[in-house]
Amino acid sequence: MPTNEEQAVTKIKVVEDADATGEVAEAYDYWRASSGRKKVPGILKSLSARPDFLKQAVDFSNTIQFSDGHLSRRHKEMIGSYASYLNSCPYCLDSHAFFLKTQGATDEAVAAFMNGDLERANLTSAELALMKYVELVSKAAYRTTPDDVQKLRDAGWKEEQIAEAVYIIALFAMFNRIANAFGVPVQNYVAMGRMTP
């Protein structure tokens, strides 16, 4: 049984690792097998009401976020961190700012993303253009124009990279809202300088 310190305190009930049985336990083990870690993160516990969806979320997260694709993993973590900042999601911001650090970002850049201060993040002009697009899509995707996309092309981003950026922004719109609605506690990865096991 988890200690009080380890027990997630959420607004909507989740299934803790030690209490998982049946399909939930199987879904948690599915994540453990793909991650090599033991302690299921709160965002995945918030999907415990639908273990089938939890497995799907693991698959598309591993495909879209936690791997290099058209965008590098580092750029994906920039997008995830900034989208989480814009969506006021402390849980995802902390996690993905830490993952950004593991992808080579400096402490200064990580702090800048956590504070939404892109001017201090030492971004290239292309990266800054991409982050401005992240902000636009996060706040009002329906207001985007062909000109907004052309600015990214002019900055050097390829069509496939722009498309993948949109997928990641949308992924975070979903996960940020789930984490906030459930009230998933922050894991404090950045402060600890490590992930949970």
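Me: What does contact mean in this predicted model?

Reply: Contact means heavy atoms within 4.5 Å. The model is a predicted one. In these terms, the buried residues of helix 6 pack against helix 4 (73–86), helix 5 (90–102), helix 7 (125–140) and helix 10 (189–192).

Me: Which residues of helix 6 are called buried, and what makes them line one face?

Reply: Ala 109, Val 110, Ala 112 and Phe 113 are the buried residues of helix 6 (residues 107–114). Viewed down the axis of helix 6, these residues fall within an arc of 160°, and therefore they line one face of the helix. Just after helix 6, Gly 116 has a positive phi of about 65°.

Me: What does Phe 113 touch, beyond residues up to four places away in sequence?

Reply: Among the residues that Phe 113 touches are Met 78, Tyr 82, Leu 100, Leu 118 and Met 131. In the largest nonpolar core, of 53 residues, Phe 113 is one of those that touch the most other members, together with Ile 79, Met 131 and Val 134. Helix 9 (residues 159–182) gives the most to this core, with 10 residues.

Me: How do you know whether Cys 89 and Cys 92 are buried or exposed?

Reply: Buried means under 20% relative accessible area. Cys 89 has 1%, so Cys 89 is buried; Cys 92 has 3%, so Cys 92 is buried.

Terms used
Residues are numbered from 1 along each chain as its sequence is written. This is a predicted model: local features need pLDDT of at least 70, side-chain atom pairs count only at pLDDT 80 or more; totals for chains, interfaces and linings use all residues. Side-chain values use heavy atoms; hydrogens and water are left out. Buried means under 20% relative accessible area, exposed over 50%, partly exposed in between (1.4 Å probe, protein chains only). A nonpolar core is a set of buried Ala, Val, Leu, Ile, Met, Phe, Trp, Tyr and Cys residues joined through side-chain atoms within 4.5 Å. Helices (H or I, at least four residues) and strands (E, at least two) are DSSP runs, numbered from the N terminus. The arc is that of the directions from the helix axis to the C-beta atoms.
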